[in-house]
Amino acid sequence: DFLLESGTWPFMRQRPYNVVADPDVTPRDIFISTFDTAPLAADLNFVVEGRGADFQAGLDVLNRLTDGLVYLGLDGRGDDRPSDVFAAAQGVEKRYFRGAHPAGNVGVQTHHIHPISAGEEVWTINVEGVLTIGALFLNGKYDASRIVAMAGSPLAEPHYLKTYLGANVGELVKS
């Protein structure tokens, strides 16, 4: 009820179909990918830097929502090791993935870890959703901040930017 009232519930996505999770259903499992292989995607190791307590608190909440497992998909490609925040995570089943895009896609990871059978539902949530839920439970405050990668050929200097959910992207890239 608290997640619904706080506005954090829509971070939980139901698979199949990638729709907002039904709060009246207990998912078989919950899946989180800790890396993104899409071109120009933000480095999630950077996003969780200094937020280990928030991330763990979010995982603890997610564990209360399923009778199954919470899976953490970790980057096993060898370029960079996963953040200590991800490596130290408790109460999760950790799995490593290698390969080019879409190896970081949570749907691909779900398929390789524990595919969804007919009549089953699993949930997914992204790293920033876990952080938001964790911060809410630790601090009693909804943290709408986000770190975004400002990248691509039109930018003279690619960089990260801290912004907030609902920010006008046009204003962020204007100059």
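Helices (H or I, at least four residues) and strands (E, at least two) are DSSP runs, numbered from the N terminus. The model described here is predicted: local features need pLDDT of at least 70, side-chain atom pairs count only at pLDDT 80 or more, and totals for chains, interfaces and linings use all residues. Residues are numbered from 1 along each chain as its sequence is written, and side-chain values use heavy atoms, with hydrogens and water left out.

The loop between β1 and β2 holds Y17. Although Y17 is not a glycine, its phi is positive, about 90 degrees. Y17 counts as exposed, at 70% relative accessibility, where exposed means over 50% relative accessible area, buried under 20%, and partly exposed in between (1.4 Å probe, protein chains only). N18 is also placed in the loop between β1 and β2, and its phi is positive too, near 50 degrees. With a relative accessible area of 36%, N18 is partly exposed. P16 is found in this loop as well, and the peptide bond that joins R15 and P16 is cis, with omega about 5 degrees. A cis bond also runs from H101 to P102, with omega near 20 degrees; P102 lies in the loop between β5 and α5 (106-113). Most residues other than glycine have a negative phi, and most peptide bonds are trans.

An open sheet is formed by six strands in the order β2-β1-β6-β3-β4-β5, with mixed pairing; two strands pair if DSSP finds at least two bridges between them. The edges are taken by β2 (19-20) and β5 (93-97), each with a single partner strand, so one side of each has no neighbour in the sheet. Strands β3 (residues 30-33) and β6 (residues 122-124) run parallel and are joined by two bridges. W123 in β6 is the bridge partner of I30. Helix α3 (residues 52-63) packs on the sheet and touches β3 and β4 (70-75), contact meaning heavy atoms within 4.5 Å. The direction of α3 makes about 140 degrees with that of β4 (axes are lines fitted to C-alpha atoms, for helices over the stretch in contact, and angles run from 0 to 180 degrees between N-to-C directions).

Within β3, F31 counts as buried at 1% relative accessibility. Leaving out residues up to four places away in sequence, F31 touches Y71, V106, T110, I113, H114, V122, W123, T124 and I125. T124, in strand β6, is buried with a relative accessible area of 4%. Beyond four places in sequence, the contacts of T124 are F11, M12, R13, R15, F31 and V106.

The largest nonpolar core has 27 residues, of which M12, I32, F55, L59, L62, I125 and V127 touch the most other members. A nonpolar core is a set of buried Ala, Val, Leu, Ile, Met, Phe, Trp, Tyr and Cys residues joined through side-chain atoms within 4.5 Å. Two or more residues of this core come from each of β3, α2 (44-47), α3, β4, α4 (84-87) and α6 (127-139). A second, separate core of seven residues includes F35, F97, V106 and V122.

G68 is located in the loop between α3 and β4 and counts as partly exposed at 27% relative accessibility. Apart from neighbours within four places in sequence, G68 is in contact with R28 and D29.
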